[in-house]
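Subject: Handover of a structure and its analysis

Dear colleague,

Please find the structure below for your use.

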Amino acid sequence: MNAAKEPKTERMKGGKPFLTDVKELRAKARVSIEKGAVTPAYQGDVTQTIEILQAVLATEIVCVLRYTMNAVAAAGISSDSVKKEFDEHAQEEQGHMRAVAERINQLGGTPNFNPEGLAMRSASQYVEGNNLVEMIKENLVAERIACEHYRELIRYFGDDDATTRVMMEGILVNEEEHANDMHDLLVAHEGKPMLSR
Ligand SMILES: [Fe+2]
Ligand SMILES: [Fe+2]
């Protein structure tokens, strides 16, 4: 085979050669093809990443359940706007749940949706709240836990698994909005923020 005709990636980006020889890259991708998206250049520990993502998945499922329950059960004066907010959050949490499950699948794992042990696997607790203010407060607590959890994991993954990190960065933006929404609702219903910063 004439090596000169092989597409080589000798272009420089920022002074650094990027990518190896395309032929080599293609050959590497063919080896252990059963590993799906996990290529030899994957810097993370796949087993550990999947384990971490299972806990994140459980946390998101609990969020879907809690917000859905709250959207149904919220009652009282001015509860309509709060219900709407809970509903929106439930939908967004479902999006997070799906994204995390898809990533587990990409990495060769099986997303754990088993209801058994769900609360144990989740980082935040399932607390229903007896009234509107309690519901908002519990959601704020859960959102703050989610934000902390994601920030820690984003630092953990760094460049070892950029795909998982970028996914989590996107979710974190959303979780911070959720925490902010809950905080604003709490201020509106209690007149003052209930959690110290
Ligand atoms: Fe979420
Ligand atoms: Fe959230």
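Starting at the N terminus, the elements of the protein chain come in the order β-β-α-α-α-α-α-α, that is, six helices and two strands. Helices here are DSSP runs of H or I with at least four residues, strands are runs of E with at least two, and both are numbered from the N terminus.

Please note that this is a predicted model, in which local features need pLDDT of at least 70, side-chain atom pairs count only at pLDDT 80 or more, and totals for chains, interfaces and linings use all residues. Residues are numbered from 1 along each chain as its sequence is written, chains are lettered from A and ligands numbered from 1 in the order in which they are written, and side-chain values use heavy atoms, with hydrogens and water left out.

Confidence

The mean pLDDT (the predictor's confidence in each residue, from 0 to 100) of the protein chain is 84, and 77% of the residues score at least 70. Over residues 1-13 the pLDDT stays under 50, and the model has 17 contacts for them beyond four places in sequence. A contact means heavy atoms within 4.5 Å.

The iron site

Donors are N, O and S atoms within 2.8 Å of the metal (3.2 Å for Na, K and Ca); water is not among the atoms, so sites may look incomplete.

The iron ion (ligand 2) is coordinated by E93 (OE), E143 (OE), E143 (OE), E175 (OE) and H178 (ND1), at distances of 2.0 to 2.3 Å. Its donor residues are spaced E-x49-E-x31-E-x2-H in sequence. Here E93 in helix α3 (residues 79-106) and E143 in helix α5 (residues 132-157) link distant parts of the chain, 50 residues apart.

E93 bridges the iron ion (ligand 1) and the iron ion (ligand 2), which lie 3.8 Å apart. Both E93 and E143 are buried, where buried means under 20% relative accessible area, exposed over 50% and partly exposed in between (1.4 Å probe, protein chains only). The relative accessibility of E93 is 0%, and E175 is buried with a value of 0%.

Packing

Buried residues make up 37% of the 197 residues in the protein chain. Of the contacts with a separation of 6 or more, 73% are between residues 24 or more positions apart.

A nonpolar core is a set of buried Ala, Val, Leu, Ile, Met, Phe, Trp, Tyr and Cys residues joined through side-chain atoms within 4.5 Å. The largest has 26 residues, and L53, V56, L57, V100, Y150 and M168 have the most contacts inside it. Helices α2, α3, α5 and α6 (162-190) each supply at least two residues of this core, with α2 giving the most, nine residues. Leaving aside residues up to four places away in sequence, M168 touches L53, V56, Y150, L153, I154 and F157. A second, separate core of 15 residues includes Y67, F86, M135 and I136.

I61, in helix α2, is buried with a relative accessible area of 9%. Beyond four places in sequence, I61 touches M97, N112, F113 and L118.

Aromatic rings

Rings of Phe, Tyr and Trp (its six-membered ring) pair if their centres lie within 6.5 Å; planes under 30 degrees apart count as stacked, over 60 as edge-to-face and the rest as tilted. The count by this rule is two aromatic pairs. The ring centres of Y67 and F86 are 6.0 Å apart with planes at 45°, so this pair is tilted. Both Y67 and F86 are buried. The rings of Y156 and F157 have centres 5.1 Å apart and planes at 80°, so the pair is edge-to-face. Y156 is partly exposed at 40% relative accessible area, whereas F157 is buried at 2%.

Yours sincerely
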